[in-house]
Amino acid sequence: SQETDIHVFFNLVTFTKLVMAKCPPELFSPSQLVFCSAMIRQSRVKPLYSGFLKLLSAAMHVIAAGNTLSGGTTSGTAGSVGEDTMEVDTGDGASPAGATQVEVQDFIAATRKFAREVVKRSESCSDDLEA
């Protein structure tokens, strides 16, 4: 049944968040762009399932903790969503999963755009509740 599927999904989300928090960040590095992109895509397709946002948030915490994005720096990731504060290492560091610098920059731009969409949706929901 759909109710059972949702319950299983949220159990998997909780389990995955716990595993991601305990694993060394370098283990996540090879798949971080693919994983985060998939969570963004699924969240857009199924916006009522907060589990995708929870997994994306957990992944971004792992990336920030390990400074693994683009082989070196994710400074500014905790800044305001509206600010373009995320820096990208332009050195010769190894990018995640062999991603090119352009792919990493595209990922960062897509993540920023998605974050702005989520904030806008949450503000809209808040306004609807207050009305």
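Colleague: Which residues have the most contacts inside the largest nonpolar core?

Modeller: In this predicted model, local features need pLDDT of at least 70 and side-chain atom pairs count only at pLDDT 80 or more, while totals for chains, interfaces and linings use all residues. Residues are numbered from 1 along each chain as its sequence is written, and side-chain values use heavy atoms, with hydrogens and water left out. A nonpolar core is a set of buried (under 20% relative accessible area, 1.4 Å probe, protein chains only) Ala, Val, Leu, Ile, Met, Phe, Trp, Tyr and Cys residues joined through side-chain atoms within 4.5 Å. The largest one has 20 residues, and those with the most contacts inside it are M20, F28, C36, M39 and L56.

Colleague: Which helix supplies the largest share of this core?

Modeller: Helices here are DSSP runs (H or I, at least four residues), numbered from the N terminus. At least two core residues come from each of α1 (2-22), α3, α4 and α5 (101-130). The largest share, 7 residues, comes from α4.

Colleague: Why are α3 and α4 described as roughly antiparallel?

Modeller: The axes of α3 (residues 32-45) and α4 (residues 51-66), which are lines fitted to C-alpha atoms over the stretch in contact, lie 9 Å apart. Angles run from 0 to 180 degrees between N-to-C directions, and those over 145 degrees count as roughly antiparallel. The pair is therefore placed in that class by its angle of about 155 degrees.

Colleague: Is S43 buried or exposed?

Modeller: S43 lies in helix α3 and, beyond four places in sequence, has contacts (heavy atoms within 4.5 Å) with F52, L53, F114 and R121. Because its relative accessibility is 1%, S43 counts as buried.

Methods: Angles under 35 degrees count as roughly parallel, over 145 as roughly antiparallel, 65 to 115 as roughly perpendicular and the rest as oblique. Buried means under 20% relative accessible area, exposed over 50%, partly exposed in between (1.4 Å probe, protein chains only).
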